[in-house]
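At each stop you will be told what to select and what to look for.

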Amino acid sequence: MFGILKIAYKLLVNDRAKFAALLMGITFAVFLMIEMTSLFSGILSRASATVINIGASVWVMDPAVQTVANTIPLPDYILDEVRSIPGVKYAVPFYSGTSLVKLKSGVYQAVNIIGLDDASLYGRPELLEGAIEDIYAENAFIAVKDSEFYKLENPKVGAEFEINDHRGSIVGLAHVVSSGLFGVPTLYTTYNRVLQYIPTSRFTISYILVEPKSAQDVPLIRQRVAKAGYLALTKDQFMDKISDFYTFHTGIGTNMMLMTVISFIVGLSISGQTFYTFILENIDKFGALKAIGAKSREMVLMILFQASFVALTGYGLGIGLCSLTIWLARLYIPDYAAIIVYGNLGLALIMVVIIAGLSSYVGVRKVLTIEPFDIFRG
Amino acid sequence: MTGAAIEAIGLNKWFGEGEVRTHAVKDVNFSADFGEMLYVVGPSGSGKTTMLSMISGILRPDTGSVRIEGTDIWSLSNDQIADFRLHKIGFVFQDYHLFPRLTTVENVSIPLILQKHDWDEAQRAGLENLEVVGLGDRAHLPPVKLSGGEQQRVAIARAIVSRPDILILDEPTASLDGDTGRNIVKFVRNNILNDRRCIVIVTHDSRIFEFADRILMMEDGKMTGIAEGGTHEE
């Protein structure tokens, strides 16, 4: 069996022009598919950045909330209601919103403002510089040192700015797991300072962050919150809800899917056509092999091996090319959103297997229909 | 080896349906012995290629049977016939049908690889057979770098590499000039034919008739006679 596969391998790779065309077709298709889906993954991940960074187990919100940025303030009594639910270990108010800050240079810059519960600082970021207690100091804000940090003019601890005619002071620099989607810097402060510095509506709580006593308590918490007319979601459920919104209600998902399908069709067209030509050019040789005594299943094996070899090699090259592109892009565009996850790789692999399957199907059909007698007949 | 290598009994083959139905081979009977070089000759369309395909296990006759070394090959399953061809019959095709992307020695070793011999062992045997046909020094060239006569000899080396008892040559001189064609057939006669092997050649090239033991003549699908061959120039 090994000998037949070696012949198949040599027939394939020694035809350098066709082998290169096949590889380019598959590599290009895989590159496009992974690039598109990884961009989408990156967007979805960034869309949930606040949920990931805060890390609360359960989030209570208005049922009309679709993304973490699209907050609908909750009345204070809901916080009391949630705290009274058996199974709730603790529940804290949380503020998430946007504002404008005036930098030392006079430039106005939009920022995300995160207001942490004053008592617990639940959801606080990991500090790179400064001490977390300093957040209680007068006018204190902690700046997140991510790819948007430069938009605050790279402030050091002690730097000052204006926010809604209040003085703000950077008391620490922090690191978070995920940067936001909208390309604006993030400032952390306390919940009560947000209420003082930023104009708010009658209700002020963006979300209530809940820590249940155990995972078994979550269904009861959800049920009781729903009874009060609100929605409690676990961290994963909230991220899924955000993903669903961007996937199905914004057109981003449709566009990405279209691009992925187009990439698939391009890959299929190039490799299918080239592989079919490759089989056609060798069809008389395959017929001669049949006449000599090769069995149909051996011919099928040869073609499947050739298609699989091209597909997997192209798949590897496509992944490599995509990784290289993302790496290069990040050197120049730090907040470039693409991330490659196992799902992207799995989807591309399935697509490549389908391309290889369809390409080899036409080849196999052709080879199976050739009769050795046709070789004699000329 | 004694006895008939090939026995064709009452072979008939029709092609097409209805008004275009053609009786391509009509009740052909003959036998060929080991140590014999049998020619099948006749004009184009006389049915000689169809008959050759039936006796070599490639085209199933509509009626009649073919016995090779006593085995009724058309009573075997398709896989068994393929195996039979692989082990008992060597083919030299008119257009050679060598793989241009393989080296000469890899082309020659294909039957052994199909027989599941080890790759290196098949290459060694391929090289030995290339030396038999005088092309040992061309082993690692692709066939396209060889002349027509050399490619024909590579095809012969491929046909004999698995030591088949029956060798089938389809128009071996059709693509060659006169001298090269004669030399090839003379080489087959002197070096490939032995008393354990039967060689059947389909041809209409009268310049090589002298190398035949017997000449089976066909016309319009029928066997019209059998003649003695030529002088077997050594």
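Residues are numbered from 1 along each chain as its sequence is written, while chains are lettered from A and ligands numbered from 1 in the order in which they are written. You are looking at a predicted model, in which local features need pLDDT of at least 70 and side-chain atom pairs count only at pLDDT 80 or more, while totals for chains, interfaces and linings use all residues.

**Stop 1**

Select Glu153(A), in the loop between β5 (140-144) and β6 (160-163) of chain A. Helices (H or I, at least four residues) and strands (E, at least two) are DSSP runs, numbered from the N terminus. Is Glu153(A) buried, exposed or partly exposed? Glu153(A) is partly exposed, because 14 other C-beta atoms lie within 10 Å. Its backbone deserves a look too: phi of Glu153(A) is near 65°, a positive value in a residue other than glycine. Most residues other than glycine have a negative phi.

Now go to Leu121(A), in the loop between β3 (108-116) and β4 (126-129) of chain A. Leu121(A) is not a glycine, yet it has a positive phi of about 50°. With 17 other C-beta atoms within 10 Å, Leu121(A) is partly exposed.

**Stop 2**

Next, select helix α4 (residues 76-83) of chain A, where Ile78(A), Glu81(A) and Val82(A) are buried. Why do they lie on the same side of α4(A)? They cover an arc of only 95° around the axis, the arc being that of the directions from the helix axis to the C-beta atoms. An α-helix has 3.6 residues a turn, so residues three or four places apart point the same way. Turn to the other side of α4(A) and you find Tyr77(A) and Asp80(A), which are exposed.

What do the buried residues of α4(A) pack against? Show β1 (58-61), β2, β9 (207-212) and α6 (218-227) of chain A, which are their packing partners.

**Stop 3: the strands beside the helix**

Keep β9(A) selected: it is mostly covered, with five of its six residues buried. Two strands pair if DSSP finds at least two bridges between them. β1(A) and β9(A) run antiparallel and are joined by three bridges; within β9(A), Val210(A) is the bridge partner of Val58(A). β2(A) and β9(A) also run antiparallel, joined by six bridges, and here Val88(A) has Pro212(A) in β9(A) as its bridge partner.

While you are here, pick out Tyr90(A) in strand β2 (residues 88-102) of chain A. Tyr90(A) is partly exposed, with 15 other C-beta atoms within 10 Å.

**Stop 4: where the chains meet**

Show both chains. Here 23 residues of chain A are in contact (C-beta atoms, placed from the backbone, within 7 Å) with 27 residues of chain B. Which element gives the most to the side of chain A that touches chain B? That is α1(A), with seven residues. The elements of chain A giving two or more residues to this side are α1 (2-13), α9 (283-292) and α12 (372-377).

**Stop 5: chain B and its sheet**

Hide chain A for the last stop. Chain B has seven helices and 10 strands. Of its 234 residues, 50% count as buried. Along its principal axes, the C-alpha trace of chain B spans about 50 × 40 × 40 Å.

Now colour the open sheet of six strands, with the order β6-β7-β8-β3-β9-β10 (chain B) and mixed pairing. β6 (89-92) and β10 (222-228) of chain B stand at the edges, each with a single partner strand, so one side of each is left without a neighbour in the sheet.

To finish, zoom in on strand β3 (residues 37-41) and strand β8 (residues 198-203) of chain B, which pair in the parallel sense over five bridges. Find Val41(B), and opposite it you will see Thr203(B) in β8(B).

Key:
A residue is buried if 20 or more other C-beta atoms lie within 10 Å of its own, exposed if 12 or fewer, and partly exposed in between; C-beta atoms are placed from the backbone. Two residues are in contact if their C-beta atoms, placed from the backbone, lie within 7 Å.
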